[in-house]
Amino acid sequence: MNKVIALGADNGYMDKVETTIKSVCVHNDNIKFYVFNDDLPSEWFRVMNKRLEKINSQIVNAKISDNHLRKYHLPRPHLSYAAYFRFFIPEVVEEERVLYLDSDIVVDGNLTDLFETDLGDCPLAAVRDDLQQTNFNSGVMLINNKYWREHDISTQLFELADQYHEDVFGDQGILNRFFAGNWKELEAKYNFMVGTDSVDPQLQWKNWNERATADEKDVLIIHYTD
């Protein structure tokens with residue numbers, strides 16, 4: 001099965017997104033990457049494709065020229081407007097299923113089981129957020145892209161962002177407002193969040209303590225959230 005992964009980055013995140021891609025490729029092959037961006041150089045994509053062809057993989061330059069994204073409020077100064085690029089996925093990605101990854105992620109295992117997750121009619125699968133237990137964390141999302149296209153999700157997400165971007169926690173707040181009660185929960189190993197101790201030390205301790213007796217390889221996706 002060809003695995004499809006989407007990422008979003010601006011020029012300041014190029015080394016981060018490259019690190020995430022490299023970590024994926026250590027454990028996986030036959031990958032098609034879509035990198036959503038508005039300023040990454042074409043030469044970088046040519047070099048990356050030369051490297052990726054050795055593992056039967058490729059990278060697509062998903063160029064987004066719609067700069068209205070820069071107007072959206074971001075909850076923390078280190079975050080980039082590129083986070084909103086994921087809203088364009090159903091307009092650009094042709095495949096029916098796609099895994100979205102943030103660029104502060106390291107993959108430490110084979111993702112085949114994740115890609116084979118039964119989504120049914122659910123629009124996405126994600127891991128529950130450490131800080132807001134009723135919400136999912138949008139850094140890792142297995143997206144039912146067929147559903148998103150059929151229901152014109154892009155248009156609806158941007159309409160919601162125009163209305164609420166100053167009142168919610170960035171793109172994650174928009175996604176949770178839109179998909180409230182309509183998402184499938186994944187095991188924590190698919191989005192193990194590191195950095196919540198910067199907000200609440202007890203959360204980080206609880207997270208690591210629950211993993212203490214498990215094989216460390218049980219954690220497949222490590223997400224550096226701070």
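Which residue in β10 is the bridge partner of Met193? The legends below will take you there. This is a predicted model, in which local features need pLDDT of at least 70, side-chain atom pairs count only at pLDDT 80 or more, and totals for chains, interfaces and linings use all residues. Residues are numbered from 1 along each chain as its sequence is written, and side-chain values use heavy atoms, leaving out hydrogens and water.

**View 1. Strand β10 (residues 221–224) pairs with β5 and β9**. Strands are DSSP runs of E, at least two residues, numbered from the N terminus; two of them pair if DSSP finds at least two bridges between them. With β9 (residues 192–194) the sense is parallel, over three bridges, and His223 is the partner of Met193.

**View 2. Strand β7 (residues 136–144) is mostly covered**. Nine of its nine residues are buried, meaning under 20% relative accessible area with a 1.4 Å probe, protein chains only. Five antiparallel bridges join β7 to β4 (residues 97–101), where Leu99 partners Leu142.

**View 3. Ile21 belongs to the largest nonpolar core, of 33 residues**. Such a core is a set of buried Ala, Val, Leu, Ile, Met, Phe, Trp, Tyr and Cys residues joined through side-chain atoms within 4.5 Å. Beyond neighbours within four places in sequence, Ile21 contacts (heavy atoms within 4.5 Å) Leu7, Phe33, Val35, Trp44, Met48, Leu52 and Ile59. Apart from this core lies another, of 31 residues, including Leu124 and Phe136.

Notes
Buried means under 20% relative accessible area, exposed over 50%, partly exposed in between (1.4 Å probe, protein chains only). Helices (H or I, at least four residues) and strands (E, at least two) are DSSP runs, numbered from the N terminus.
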